[in-house]
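These are my notebook entries on what I looked up in this structure. I wrote them for a reader who meets it here for the first time.

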Amino acid sequence: MIPACRLADLPRGEAHRLDIDPPVSVFHTDDGELFAIDDTCTHQDASLADGWLEGCEVECPLHASKFDLRTGAVDAPPAKLPVRTHEVVVEDGTVYVRLSTDAPNLPPCVTARLAGGPA
Amino acid sequence: MVGASLAGLSAARSLRKQGFDGRLVVIGDELHRPYDRPPLSKEFLAGTLGEAELALEAQDEDLGAEWLLGARATGLDHARRAVRLADGREVRADGFVIATGAAARALPGSAGLAGVHTLRTLDDARALRDELARGGRLVVIGAGFVGAEVASTAYALGIDVTVVEAAPTPLAGPLGETMGAVVSALHTDHGVRLVCGVGVKGLSGEERVDAVLLEDGRSIPADIVVVGVGARPNVEWLEGSGIALDNGVKCGADGRTSLAGVVAVGDCANWYDPRAGHHRRVEHWTGARERPDAAVAALLAGGAVEPGVPRPPYFWSDQYGVRIQFAGHAAGADSVTVEAGSADGRDVLAVYRRAGDPVAVLGMNQPRLFMRWRKQLAATAS
């Protein structure tokens, strides 16, 4: 498990990005639920932590694809693939993330960067 | 459904989502299934994104629609509830969604001259990409968003680029004078020549263009010319149908037209904006994506639903590695304040206000702050 942040430091309606590779974000919904998903939109290199959080959905800050925080599913293009979801655990006021072992669906430009190609 | 691009596809999705299970025919004048146009001036033109990745439909998506592609609509016969096609066929229906989009304006007198391009469709983009791959000197006429993105992409491909703009400040319409100047300075930052405040008199060349002639007598040598001088709504086919046309199809705040059972969405539709108190034709990707939901609800309910307040219009542009985002309406603002970053640093977050109230926001490489302001704009608006 990876410690993400103190729960007290993550108000409702906010997100916290873990700068791991690939980055993961923890969202605290207005209803008080916590979810963790891959931070990078599957369409293009954009941080979903910067997105528009509404209910259990986050809308990509660039091109308006919405991801369901519970399942990772995307509602409509331009993004076509889901993001991975990760398990969130809160212990003693600290938010932890247990990373998924699935392969991430990263956008083409980020996949190229991770593979050592041109960004 | 007349129109098979983003607005048409979004309307088809909305129809199914809202429970319409009847026969659905989608008519498109291009041969391609719905594809995403924004990358055509960027990643697709640069060669980093292929055609398969432009597809707007998910692989397992099935809307249960009949697609009539490569079929151009030539008329609407409202009394007989029929759309006529160029090949003589006719499609009859109980309801119609008009989503025929807009077409790139051409430069008068440029027809038939090789090396002269507009950029709107996938076929346009293929032709321009192939030509840019051969290199040469590029002149872009019009420093709007399409022109600026083509210039940026061509610059990155190592091509010598000049941008010509008739207005003294590029992008002054959408962004205002001050920020239009800031954003268009990205060209000169990168050594792309920007010639403003002078109109184009014509093009020279026999079979192939060799120069762009300016009204002040200058001549700019060119091997390739891209004309990016805006778009006009594709509504000529509706003339004589009885539908009200005024800068596109004139619509209410829910996309309903003057004809019962006919709604219009996307670039061809001039919707009434209740906040502004007048009609606005918005040519943004996000409008084509979001508005069909309301139009389809109105179509299915026969207009019995109260349309919600739409979010402030939003668009983005990527130029020279800078992500430009804009939401709201710059026209009518009486002040523009830099809230973060700086104009010179090309990382500005600027807020437009009228009488102290925010009416628009511009961000350059400021996605997080931009989203905060965009949400605030939407909250103020509703």
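Which residue does A:Leu53 stand opposite in E6(A)? I found that A:Leu53 stands opposite A:Val58 in that strand.

Before going on, I note that this is a predicted model, in which local features need pLDDT of at least 70 and side-chain atom pairs count only at pLDDT 80 or more, while totals for chains, interfaces and linings use all residues. Residues are numbered from 1 along each chain as its sequence is written, and chains are lettered from A and ligands numbered from 1 in the order in which they are written.

**Entry: the sheet in chain A**

I stayed with the strand pair from my opening question and looked up its sheet, an open one of 3 strands in chain A with the order E5-E6-E7 and antiparallel pairing. Strands here are DSSP runs of E with at least two residues, helices are runs of H or I with at least four, and both are numbered from the N terminus; two strands pair if DSSP finds at least two bridges between them. E5 and strand E7 (66–68) of chain A are the edge strands, each with a single partner strand, so one side of each has no neighbour in the sheet. On average, neighbouring strands of this sheet are turned by 25 degrees against each other, direction ignored. For such angles, axes are lines fitted to C-alpha atoms, for helices over the stretch in contact, and the angles run from 0 to 180 degrees between N-to-C directions. Between E5(A) and strand E6 (residues 57–59) of chain A I noted 3 bridges, and the two run antiparallel.

**Entry: A:Ala49**

I then looked up A:Ala49, which lies in the loop between strand E4 (34–38) and strand E5 (52–54) of chain A. Is A:Ala49 buried or exposed? It counts as buried because 24 C-beta neighbours lie inside 10 Å; the rule calls a residue buried at 20 or more other C-beta atoms within 10 Å of its own, exposed at 12 or fewer and partly exposed in between, with C-beta atoms placed from the backbone. Not counting residues up to four places away in sequence, A:Ala49 touches A:Ala15, A:Arg17, A:Ser25 and A:Asp39, where contact means that the C-beta atoms, placed from the backbone, lie within 7 Å. From A:Ala49 to A:Phe67 I noted 18 residues in sequence and 12 Å in space, C-alpha to C-alpha.

**Entry: chain B as a whole**

Along the principal axes, the C-alpha atoms of chain B fill a box of roughly 55 × 55 × 40 Å. Of the contacts in chain B with a separation of 6 or more, 59% come from residues 24 or more positions apart.

**Entry: domains of chain B**

The domain assignment of chain B gives domain 1 (6–103 + 232–301), domain 2 (106–229) and domain 3 (321–381), with bounds that come from an automatic or database assignment. The centres of domain 1 and domain 2 of chain B, taken over C-alpha atoms, are 29 Å apart, and 11 residues of domain 1 are in contact with 14 residues of domain 2. On the domain 1 side, helix H2 (residues 43–46) of chain B gives the largest share, 3 residues.

**Entry: B:Glu215**

I looked up B:Glu215 in the loop between strand E13 (211–214) and strand E14 (219–221) of chain B. B:Glu215 is exposed, with 11 other C-beta atoms within 10 Å. Leaving aside neighbours within four places in sequence, B:Glu215 is in contact with B:Val198, B:Gly199 and B:Lys201.

**Entry: where the chains touch**

How many residues does the contact take from chain B and from chain A? I noted 11 residues from chain B and 12 residues from chain A. Helix H6 (285–290) and helix H8 (367–381) of chain B each supply at least two residues of the chain B side, and H8(B) gives the most, with 4 residues.

Technical notes:
Two residues are in contact if their C-beta atoms, placed from the backbone, lie within 7 Å.
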